[in-house]
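Hi everyone, thanks for coming. Let me put the structure up on the screen, and then we can walk through it together.

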Amino acid sequence: MRTAKWIIGLLLLLPLNAMAQATSCADDEFWKIYKDSLPKTYCECTYNTTPFAFPIDTVLTEPVWFSATMNDIKQGISAYWFSEDSVVMDVYAFCISHRPAFSMIVAPNRMYEMPVEEINKRLSELPGSAEYLKNLEPRMHVYTVHGGVGHVYCYPYNQGPHSTCEKALELRSWMTYVCEETENVYRLPANKIPAKGKAFLRWIHKPEHSNLKCKPADIRLALDSCDGQEVGRTTLTDSLHVYVFDSAMLVDARSAGRDVWVHVSHEEGIVGRLCYYANPKYAEGASDINESTCLGKTLTVNGREYASDTSFIEGVYVDRDTLLTQHVTLVFTEPTPIYDTVLVDPKDLKRGVVHNLTGAVLFNYGDTTIDVVVPNQCTKRYQVTVKDPTPVENVDAEQKGARKQIQNGRIIIFVDERKYNIVGQQID
């Protein structure tokens, strides 16, 4: 209770402190009176700040204090950190606070996000009325854990740096990249390629409504430069299925010092995320999948439908950097033909004859294969033979057994059991 009264008292004095317009703690009467109770960061927080504005793109060499507005903070934060050291972002509602309202710790070469809902929840826990809080100017203290140097990007939630051919972000394992623009290009430097060439990409898109499907992303790989030789292509349709790099290609690229460029494109108006993982782990215990059904039906494996014979190794995402692999073999059995013979007069055939069992229109004598396909039912296959019902009379009265017929639009001469064409050549 005593602590609460002290904080309220200080809050009431803050406007007086602002009116004094001191430029440093040396001129700050508030500091002179309460310095034994104020945090050691009070002076830097109050007088040594840089105005905050999205986006931030800077190299951090020493701790920095930013002064922000509540509108800035309430946009949420997506923070990218390229360094071998961790970085901390402490957000203070008041410079008199001994503890930040909330903190974000970004591990080396990682991206960290805090959505708007989470920030609003944290801010709602602060003392004071909503009208008073909306006029606050929060402070952000950004510093590395061990004094290291790094490149920091800071954007509102669901936004990120546009990575282009001219200014491509490096692919770092475990890093998540917000893809707001319809096309982004990332570079995997040859010296950062895993020695064994083991790596994969994952695409994440969360629809606005649960009844909608996630939107896909097209992935294209190029060697040496942004528009170099294409060495891979795929479409990632969901966050379960991943793209596993060709390990031999990566090993060769690493040995030859050739960078790999990753193009990511997607539908306009959506925001997705690309995740890159090197040296993945593999879960055990998954059984191989061997399934069969009739042609015409579909088989579903890990959320994807298949309608034709296929055999492949399926890689699906489990958690963090872990994949589950399965050997999948799917067989779709061909239908047994149903034979049907139709006798058609030549004058009717010229106009086309409808085959009643299939609905197909036939215009020629001979054999025709017709598949009747109904969604999610076994396909029926008909072998239809169209014949002329009226064979021509014998053409050689002196030679017994000689006759002619028209088959498949051709004149055939029969002599006993032998067949000849119109020039006298025997045929099978």
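This is a predicted model: local features need pLDDT of at least 70, side-chain atom pairs count only at pLDDT 80 or more; totals for chains, interfaces and linings use all residues.

Residues are numbered from 1 along each chain as its sequence is written, and side-chain values use heavy atoms, with hydrogens and water left out.

So, the overview. The chain has eight helices and 33 strands; these are DSSP runs, H or I of at least four residues for helices and E of at least two for strands, numbered from the N terminus. There are 428 residues, and 40% of them count as buried. Buried here means under 20% relative accessible area, exposed means over 50%, and partly exposed lies in between, using a 1.4 Å probe and protein chains only. Of the contacts with a separation of 6 or more, 63% are between residues 24 or more positions apart; a contact means heavy atoms within 4.5 Å.

Now, which residues have the most contacts inside the largest nonpolar core? They are Tyr-42, Phe-52, Ile-73, Ile-77 and Met-140, in a core of 37 residues. Strand β5, residues 87-92, gives the largest share of this core, with four residues. A second, separate core has 34 residues, among them Ala-217, Leu-236, Met-249 and Leu-250. By a nonpolar core I mean a set of buried Ala, Val, Leu, Ile, Met, Phe, Trp, Tyr and Cys residues joined through side-chain atoms within 4.5 Å.

Please look at helix α7 next, residues 247-256. Its buried residues are Met-249, Leu-250 and Ala-253. Why do these share a side of α7? They lie on the same side because they cover an arc of only 95 degrees around the axis, taken from the directions from the helix axis to the C-beta atoms. On the face turned away from that buried side, you'll find the exposed Asp-252 and Ser-255. The cover over the buried residues of α7 includes β12, β13, β14, β15 and β17. At the start of α7, a side-chain oxygen of Asp-246 comes within 3.0 Å of the backbone nitrogen of Ala-248. After α7 comes Gly-257, with a positive phi near 70 degrees.

On to a sheet. Four strands form an open sheet in the order β11-β18-β13-β16, with antiparallel pairing; two strands pair if DSSP finds at least two bridges between them. β11 and β16 stand at the edges, each with a single partner strand, so one side of each has no neighbour in the sheet. Between β11 and β18 there are four bridges, and Val-178 stands opposite Arg-273 in β18.

Finally, two single residues. Is Ser-163 buried or exposed? Ser-163 is buried, with a relative accessible area of 1%, and it is found in the loop between β9 and β10. Its contacts, leaving aside neighbours within four places in sequence, include Glu-183, Asn-184 and Tyr-186. Asp-348, in helix α8, counts as partly exposed at 30% relative accessibility.

Technical notes:
A polar contact is a pair of N or O atoms within 3.5 Å; within protein, one must be able to donate a hydrogen and the other to accept it, and residues adjacent in sequence count only if both atoms are side-chain atoms.
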